Amino acid sequence: MSHGPRSGLTAVSSALLAMSRHLEVRDVLKTIVASARELLDAQYAALGVPDDHGGFAQFVVDGVSDEQWKAIGPLPRQHGILAAMLHETTPERLGDVRKDPRFGGWPSAHPDLVDFLGLPIRDGDEVLGALFLANKNCPKPTGTCGFTQDDEELLGILAQHAAIALTNARLYERSRELTIAEERSRLAHELHDAVSQKLFSLRLTAQAATALVDRDPARAKGELHQVATLAAEAADELRAAVVELRPAALEEDGLVATLRTQIQVLDRAHTARVTFTGHGVKALPAAQEEAMLRVAQEALHNALRHSGAEHVQVTLHRRGTGTVLRITDDGGGFDPRTVRRAGRHLGLVSMRDRASGTGGRLTVRSAPGEGTTIEMEVPGG
């Protein structure tokens, strides 16, 4: 095996465990590349995932600075030595990749590559990606490859486990997409029921006002005030549903910015005051950020539609080595001991599952007439 700084069974085990911890495809790709470069003690590593149009859908590198990566330019096409890794079943180990007849078309800002080791990542007959390493950190005579047969075998083992981790990550993302679709379906039904009831009541009240306008103008005026109230409530339901149905911008904006934006919209859409404070929180793993966002949305939904609160406060902050999300309202509260009834009505079971599913925990503090505080804590941040 490689004689780099982290050779041996312990290093391999650490790399495999690191891959298995991540559920997002992008995180898995980054972990595979970083693990391969460290295990084989190479200067550069890259992993390309092909698209269906002759290019790469994703291309992750390690050992290249952000400035270098920006200077290199767009993602590479599937050509030359890169394409070979996607179509060949055997690894490629070269003493000087620049002398290979398939070498060419590399951007001027690309780092100089010399010795090279690459192989495909396969799941059966499907090529999931191609893994590349270059410039082994070891003394080597000119024209010879620093990567050994042992390195090749080690990279093959890593690629097999990478295929499993990448497949699991893809399945997780598809499962999450289905979950989001189910949530949207639930929201659509909820929107239909809530707004339909409001509009039905509004229509009946308007009809009553029409019948009273000639013989009892005072009562008709009261009915028209009720029409205005029902119309405002229907508008609130619509605005809140639009916010929940809008895809969260977690990947682009992060948890703090996404929460702030959604809470600003809810504050405008509802009569209750809704505020947000977030400080000192670093980026969390994608699964934790999504779980926190969904718990916040569920708790806000409960507070704004069921509690009668005048003020709902959301905070996101660090506590020791963890990150805490807290949603507090001054509404009617409830008795947490009635777990079954409250669980069905307030979605507490779902929130607890989300918290525990990402290594966190959920606590609920409430009492009739004393408002509610829901707190989710996860490690990290």
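This report covers strand pairing, nonpolar cores, aromatic pairs and salt bridges in a predicted model.

## Basis

The model is predicted: local features need pLDDT of at least 70 and side-chain atom pairs count only at pLDDT 80 or more, while totals for chains, interfaces and linings use all residues. Residues are numbered from 1 along each chain as its sequence is written, and side-chain values use heavy atoms, with hydrogens and water left out.

Helices (H or I, at least four residues) and strands (E, at least two) are DSSP runs, numbered from the N terminus. Buried means under 20% relative accessible area, exposed means over 50%, and partly exposed lies in between (1.4 Å probe, protein chains only).

Strand β5 spans residues 126-136. Strands pair if DSSP finds at least two bridges between them.

Two strands pair with β5 here. Strand β1 (residues 42-50) runs antiparallel to β5, joined by six bridges. L47 stands opposite L131 of β5. Strand β4 (residues 116-123) also runs antiparallel to β5, with eight bridges. P120 has A130 in β5 as its bridge partner. The hairpin of β4 and β5 has two residues between the strands, and G124 in this hairpin takes a positive phi near 70 degrees.

## Nonpolar cores

A nonpolar core is a set of buried Ala, Val, Leu, Ile, Met, Phe, Trp, Tyr and Cys residues joined through side-chain atoms within 4.5 Å. The largest one has 33 residues, and L325 and M376 have the most contacts inside it. Elements that give two or more residues to this core include α7 (250-269), α8 (286-305), β8 (322-329) and β10 (372-379). Helix α8 gives the most, with nine residues.

Contact means heavy atoms within 4.5 Å. Neighbours within four places in sequence aside, L325 touches L259, M292, V295, A296, V314, T315, L316, I374, E375 and M376. Another core lies apart, with 29 residues, among them L119, L154, A159 and A163.

E290 sits in helix α8. This glutamate is buried, at 11% relative accessibility. The C-alpha atoms of E290 and L255 are separated by 7.9 Å, although the two are 35 residues apart along the chain.

In α10, the buried residues are L348, M351 and A355. Seen down the helix axis, they fall within an arc of 65 degrees, so they line one face of α10. The arc is that of the directions from the helix axis to the C-beta atoms. An α-helix has 3.6 residues a turn, so residues three or four places apart point the same way. Just after α10, G359 takes a positive phi of about 80 degrees.

## Aromatic pairs

Rings of Phe, Tyr and Trp (its six-membered ring) pair if their centres lie within 6.5 Å; planes under 30 degrees apart count as stacked, over 60 as edge-to-face and the rest as tilted. The whole structure holds three such pairs. The F59 and W69 ring centres are 6.3 Å apart and their planes lie at 5 degrees, so this pair is stacked. F59 is in strand β2 (residues 56-62) and W69 in helix α3 (residues 66-72), ten residues apart. F59 is buried at 9% relative accessible area, whereas W69 is partly exposed at 27%.

F116 and F132 have ring centres 6.2 Å apart and planes at 35 degrees, so this pair is tilted. F116 lies in β4 and F132 in β5, so the pair ties together parts 16 residues apart in sequence. F116 is buried at 2% relative accessibility, and F132 is buried at 5%. F59, W69, F116 and F132 form one aromatic cluster.

## Salt bridges

A salt bridge is a side-chain nitrogen of Lys or Arg within 4 Å of a carboxyl oxygen of Asp or Glu. The count comes to 13. R37 and D62 meet at 2.6 Å, N to O. R37 lies in helix α2 (residues 25-39) and D62 in β2, so the pair ties together parts 25 residues apart in sequence.

E377 and R319 form a salt bridge at 3.1 Å, N to O. E377 is in β10 and R319 in β7, so the pair links parts 58 residues apart in sequence. E377 is buried at 15% relative accessibility, whereas R319 is partly exposed at 31%. Salt bridges that share partners join R319, R326, R361, R365, E375 and E377 into one network.
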